[in-house]
Each structure stands twice: as structure tokens, then as C-alpha cells.
Amino acid sequence: MAIHKLNLEDFLEDVDYILIAIHSRLEDYRLAYYLNSNLKLNLERRAQDIDYKYFSASYPIFEWKDNANLITYNLVSNICKREEDSLQSSGSLFANEEKIIKSYNLVPELKNVDYLMKITKEDLQISEQLIVNKIQQIPEVITTYMVDVDQLKSKDNLIFN
């Protein structure tokens, strides 16, 4: 009987997507609308958000699969803010339950980034700078730039399937 060995390196290929960081105070659905208008996309919110850290943080995600060009566009929020009970004791008999706002990041290395746009394509012949320039034309976008995915430690959080 023949023995077949599988190497993990056989499945880990080079990064086949580009990642764009977007700084904007827009709500996620409004940013998706502007991206649809400026880039001629058709982003729609997924039925389920991305849940990490044992459901303590969820991130809204928008997706469009361009079947004609075999490109998948994802827009995901990088920040999740949740209201949680404070663990501080006031020392009184009648404790006031205080709530605090806690912030979680999908990609902790990019703490200041509000949204991430992931564009996946087999041969990646996309004009990255053209996309960045079109996103930058949205008046409510503060800044946008390309992210070097190879430098990220938590790039596994960007697997959305």
C-alpha cells in the first residue's frame, strides 16, 4: 500500500489578494453605497457577520462576486465596539453598574484603520492605484492606502469563507 504525505506548504500559496485600508467615519452601509457608486460594484451585506474571539466581537461584512471577471470584493469593518459591564468595584453596598465601551480589532496591527477592502482574483491584474484613487474621491473618506499583507501577523483573520 502506498503512503501519501501532504505538506502544509502545498496548500499555502502566495497571497492572491490585495488589501486596502480605509479611514472613514461613515457607517458601513453608507461606505458600501459610495464604493458601489464610485467603483461600479454591487456590494451587499452578508447574512452573517464575521464572529471572532468566541462571539465577543462581530464585524459586518459586505461582498460581491464578479463572476464575469472572477473577482471577489469584500468590505469589512476593522473595529467592533461593544458595551460591557465594568469590573471595578465602587466599594458601596449599592453598586452602580457602570458600562464601558470596549473596542476590538479584526486586524490588531491596523488599530487605526476603520475598514478593510479585500480584492481576490486569480491573476490579480487590477490597477491597485486606480482603485485607491477612486476610493479617495469619496468626500467622507479621510485616507486610503495599500496594506502589505505579508507583514501582518493576523492575516488569518482575513479568511472570510
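A47 lies in the loop between strand 2 and strand 3 (50–52), where helices (H or I, at least four residues) and strands (E, at least two) are DSSP runs numbered from the N terminus. At 85% relative accessibility, A47 counts as exposed; the terms stand for under 20% relative accessible area (buried), over 50% (exposed) and in between (partly exposed), with a 1.4 Å probe and protein chains only. The C-alpha atoms of A47 and I61 are 14 residues apart along the chain and are separated by 8.9 Å.

The model is predicted, so that local features need pLDDT of at least 70 and side-chain atom pairs count only at pLDDT 80 or more, while totals for chains, interfaces and linings use all residues. Residues are numbered from 1 along each chain as its sequence is written, and side-chain values use heavy atoms, with hydrogens and water left out.

The chain has 3 helices and 10 strands. From the N terminus on, these elements run α-β-α-β-β-β-β-β-β-β-β-α-β. Of the 161 residues of the chain, 38% count as buried. Contact means heavy atoms within 4.5 Å; among contacts in the chain between residues at least 6 apart in sequence, 64% join residues at least 24 apart.

An open sheet is formed by 6 strands in the order 2-5-6-9-1-10, with antiparallel pairing. Two strands pair if DSSP finds at least two bridges between them. Strands of a sheet pair through backbone hydrogen bonds, either parallel or antiparallel. The edges are strand 2 (44–45) and strand 10 (141–147), each of which pairs on one side only.

Strand 6 (residues 71–77) is joined to strand 9 (residues 115–121) by 7 bridges, and the two run antiparallel. Within this pairing, V76 stands opposite L116 in strand 9, and N74 has K118 of strand 9 as its bridge partner. Strand 5 also pairs with strand 6 in the antiparallel sense, over 6 bridges; here the bridge partner of W64 is Y73 in strand 6. Strand 6 is mostly covered, with 7 of its 7 residues buried. In a regular strand the side chains alternate between the two faces of the sheet. In strand 6, I71, Y73, L75 and S77 point one way, T72, N74 and V76 point the other way, and all are buried.

The hairpin of strand 5 and strand 6 has 4 residues between the strands, and L70 takes a positive phi near 55 degrees there. L70 lies in the loop between strand 5 (61–66) and strand 6 and, at 60% relative accessibility, counts as exposed. Most residues other than glycine have a negative phi, and most peptide bonds are trans. A positive phi, of about 60 degrees, is also found at K40, although K40 is not a glycine. K40 is located in the loop between helix 2 and strand 2 and counts as exposed at 65% relative accessibility.

The axes of helix 2 (residues 28–39) and helix 3 (residues 128–136) come within 9 Å and cross at roughly 125 degrees. Axes are lines fitted to C-alpha atoms, for helices over the stretch in contact, and angles run from 0 to 180 degrees between N-to-C directions. Helix 2 and helix 3 are therefore oblique to each other, given that angles under 35 degrees count as roughly parallel, over 145 as roughly antiparallel, 65 to 115 as roughly perpendicular and the rest as oblique. The contact is made by L35, N38 and L39 of helix 2 and by I131, K134 and I135 of helix 3. Helix 3 also lies across strand 1 (17–24), strand 9 and strand 10, running at about 165 degrees to strand 10.

D28 is found in helix 2 and, at 12% relative accessibility, counts as buried. Leaving aside neighbours within four places in sequence, D28 is in contact with R45, P60, F62, L75 and Y115. V113 is placed in the loop between strand 8 (99–105) and strand 9. At 2% relative accessibility, V113 counts as buried. With neighbours within four places in sequence again left aside, V113 is in contact with A21, I22, H23, N78, I79 and Y145. The C-alpha atoms of V113 and T143, 30 residues apart along the chain, are separated by 9.6 Å.
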